[in-house]
Amino acid sequence: MSFTLQPVRVGTGADEEGMLVFDRDQRLVAVLTHLGDQHDGLSGHWFLEAGFGRLDGPNNPTFADLDAAQTWISQSLTKRR
């Protein structure tokens, strides 16, 4: 599954560097934020700030990089319910 990534500033109060993730039909499926230095051990990782549809849930994961995030998103969207 391929995605389009669009940089965006996210008003979280701390980590503003973000990425909008669109599916091949240009539907917004996720908002990721890049974690800063205040996140011990996770600085530089990406956090699922918001997921839509099958990506919506109570436990939002973190990812080492954008490739890992896209892999997880792809797998989550293709899972059967």
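Me: Is Arg 24 buried or exposed?

Reply: This is a predicted model, in which local features need pLDDT of at least 70, side-chain atom pairs count only at pLDDT 80 or more, and totals for chains, interfaces and linings use all residues. Residues are numbered from 1 along each chain as its sequence is written, and side-chain values use heavy atoms, with hydrogens and water left out. Buried means under 20% relative accessible area, exposed over 50%, and partly exposed in between (1.4 Å probe, protein chains only). Arg 24 has a relative accessible area of 63%, and therefore it is exposed.

Me: Where is Arg 24 placed?

Reply: Strands (E, at least two residues) are DSSP runs, numbered from the N terminus. Arg 24 is found in the loop between strand S2 (17-22) and S3. Its C-alpha is 6.1 Å from that of Ser 2, although the two residues are 22 apart in sequence.

Me: Why does His 39 count as partly exposed?

Reply: His 39 counts as partly exposed because its relative accessibility is 28%. This residue belongs to the loop between strand S3 (28-34) and strand S4 (46-51).

Me: Which side chain does the side chain of Thr 33 join in a polar contact?

Reply: A polar contact is a pair of N or O atoms within 3.5 Å; within protein, one must be able to donate a hydrogen and the other to accept it, and residues adjacent in sequence count only if both atoms are side-chain atoms. The side chain of Thr 33 joins that of Glu 49 at 3.0 Å. Thr 33 lies in strand S3 and, at 1% relative accessibility, counts as buried.

Methods. Helix = DSSP H or I, 4+ residues; strand = E, 2+ residues; numbered from the N terminus.
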